[in-house]
Amino acid sequence: MSTMVYPREEKLEKLSQEEIISNTKLVIQGLEALKNEHNSILHSLLETIKCLKKDEEANLVHEKSNLLRKSVEMIELGLGEAQVMMALSNHLNAVESEKQKLRAQVRRLCQENQWLRDELANTQQKLQKSEQSVAQLEEEKKHLEFMNQLKKYDEDVSPTQEEKDRETPKESLDDLFPNDEEEHGQGMQHQHNSAAVAAAQQGGYEIPARLRTLHNLVIQYASQGRYEVAVPLCKQALEDLEKTSGHDHPDVATMLNILALVYRDQNKYKEAAHLLNDALSIREKTLGKDHPAVAATLNNLAVLYGKRGKYKEAEPLCKRALEIREKVLGKEHPDVAKQLNNLALLCQNQGKYEEVEYYYSRALEIYECRLGPDDPNVAKTKNNLASCYLKQGKYKEAEVLYKEILTRAHEKEFGSVDAENKPIWMHAEEREEMSKGKHRDNTPYGEYGGWYKACKVNSPTVNTTLRNLGALYRRQGKLEAAETLEECAVRSRKQSNTGIDPIHQTRVVEILKDTEGDKRRSRDSLTSVKYESGSETGEEA
């Protein structure tokens with residue numbers, strides 16, 4: 001009789017599933033063989049029982065046959081268990097196969113889900129961009145409607161220079177240059193655009209039209225004090241540019257400059273300085289260190305430092321901007337003259353009056369040579385130079401410049417000066433002489449030929465010149481002449497039907513108050529007179 005050998009439990013624990021199945025099959029084969037062997041032995045015993053007649057021997061054979069039957073039953077039980085194990089193994093294989101199918105299906109569903117999420121995100125971005133475009137178009141539409149409404153009122157009367165200047169923020173430095181995104185002013189825009197485009201092409205980079213449009217829109221909102229609209233508009237445009245072009249791109253630098261100017265108008269100087277430095281780094285890297293756009297950013301940074309009183313830090317930046325403009329545009333370009341004006345003001349705030357006179361004189365020479373003696377910048381620069389003379393106590397030189405401004409304005413409207421055609425300052429001095437002779441001229445002001453209307457004295461430069469020369473006359477004790485010029489300035493503003501700038505209005509009130517006080521005080525007490533420079537500087541001496 002063959003015997004079954006069972007493996008140890010330690011070995012069974014180390015077997016794999018395949019090894020267990022193969023061993024089970026071997027056990028089944030062994031059990032089948034053992035079963036057949038037991039059945040044959042049992043059959044032979046039964047045959048033997050039939051042949052035996054003795055009871056004792058028959059009983060012994062019966063006992064052996066019973067043992068064999070039990071052994072066969074155990075073998076059949078083992079075979080049944082082995083069959084169950086095989087069936088269980090097949091079931092597990094089927095379950096594992098189904099599990100793999102489900103996993104593959106889950107992976108496919110995850111991939112489809114991720115694809116759908118990506119599509120949804122792209123669609124949302126497109127929707128957001130579309131909404132932003134719609135909002136921007138709506139704002140531009142409102143802006144155009146607003147400008148169209150303004151044109152209805154301006155059809156018969158062209159805007160004066162003062163109205164144009166009032167639309168721009170009042171800065172202490174002239175930081176508005178053509179062909180730069182920093183250009184805020186509306187006056188002389190068409191005159192300098194050609195030079196601006198030429199400078200841009202010479203440097204190899206031209207600001208895109210869409211950024212110019214966006215800049216004009218932002219400046220419109222900023223001038224209205226709507227910073228809650230201007231700032232998000234700039235930030236969104238900056239974010240879009242960085243996504244499409246990268247951070248180190250000239251268009252990004254242009255947008256940084258625009259946002260910096262908006263922050264500067266809000267007195268957020270630290271944020272503005274950070275943006276301007278970033279823009280300067282980008283422009284130097286992408287356009288070169290001698291590009292006109294780099295000069296514009298340097299100038300804006302110098303203006304920012306100047307507004308914070310950091311004149312020493314601002315001066316080298318302004319000088320570097322001047323060097324770039326002279327190198328690229330030429331030493332006789334009007335933009336060079338504007339840079340000289342800014343540099344002169346920085347030096348004036350530091351008391352460097354010799355340099356101030358040099359810079360203003362050179363700027364004046366450029367304006368007169370390139371733009372002509374009737375250009376508004378000529379009168380402004382003369383006003384600035386006169387302010388420098390006043391700070392040094394050079395009253396005669398300042399008086400000469402003031403008279404030149406008023407004379408040129410008169411000649412522009414009425415022709416050359418003669419005995420019958422005199423500028424307002426000559427009438428003022430004549431009235432002063434007559435008042436000293438105790439024969440005050442009570443001739444109505446309108447009989448001077450309406451000079452204050454025809455000569456457009458409601459412009460900031462000429463109006464400021466009238467008040468400054470009037471204040472200078474007061475210092476000299478020429479009260480009647482001073483009153484004549486002040487009356488001209490005040491009446492011209494009333495006739496122009498345009499609002500008076502609050503800063504200038506305050507100064508006019510101060511001068512008029514001084515006028516009333518002067519009627520009661522002696523000539524020697526006239527020491528606290530304020531002189532105003534041109535509208536570009538807003539400085540007092």
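This is a predicted model: local features need pLDDT of at least 70, side-chain atom pairs count only at pLDDT 80 or more; totals for chains, interfaces and linings use all residues.

Q: Fine. What do the side chains of Arg408 and Asp374 do?
A: They meet in a salt bridge, 2.7 Å from N to O.

Q: Where do Arg408 and Asp374 lie?
A: Arg408 is in helix α15, residues 395-414. Asp374 is in the loop between α13 (353-370) and α14 (376-391), so the bridge ties together parts 34 residues apart in sequence.

Q: How accessible are they, Arg408 and Asp374?
A: Arg408 counts as partly exposed, at 33% relative accessibility. Asp374 is partly exposed too, at 34%.

Q: How many salt bridges does a search of the whole structure find?
A: The search finds 19.

Q: Which residue does Lys327 meet in a salt bridge?
A: Asp290, with 2.7 Å from N to O. This pair links distant parts of the chain, 37 residues apart. Lys327 sits in helix α11 (residues 311-329), and Asp290 in the loop between α9 (269-287) and α10 (292-307).

Q: Is Lys327 buried or exposed?
A: Lys327 has a relative accessible area of 60%, and the cut-off for exposed is over 50%, so Lys327 is exposed. Asp290 reaches 38% and counts as partly exposed.

Q: Back to α15. What about Lys403 and Glu399?
A: Their side chains form a salt bridge too, at 2.9 Å from N to O. They are 4 residues apart in helix α15, so about one helical turn separates them.

Q: Buried or exposed, those two, Lys403 and Glu399?
A: Lys403 and Glu399 are both buried.

Q: Which residues do salt bridges with shared partners join into one network?
A: Glu315, Lys319 and Lys352.

Q: Changing topic. How many helices and strands are there in the protein?
A: The count is 20 helices and 0 strands.

Q: What share of the residues counts as buried?
A: Of the 541 residues, 43%.

Q: And the contacts with a separation of 6 or more: what share comes from residues 24 or more positions apart?
A: Such residues account for 67% of those contacts.

Note on methods:
Residues are numbered from 1 along each chain as its sequence is written. Side-chain values use heavy atoms; hydrogens and water are left out. A salt bridge is a side-chain nitrogen of Lys or Arg within 4 Å of a carboxyl oxygen of Asp or Glu. Helices (H or I, at least four residues) and strands (E, at least two) are DSSP runs, numbered from the N terminus. Buried means under 20% relative accessible area, exposed over 50%, partly exposed in between (1.4 Å probe, protein chains only). Contact means heavy atoms within 4.5 Å.
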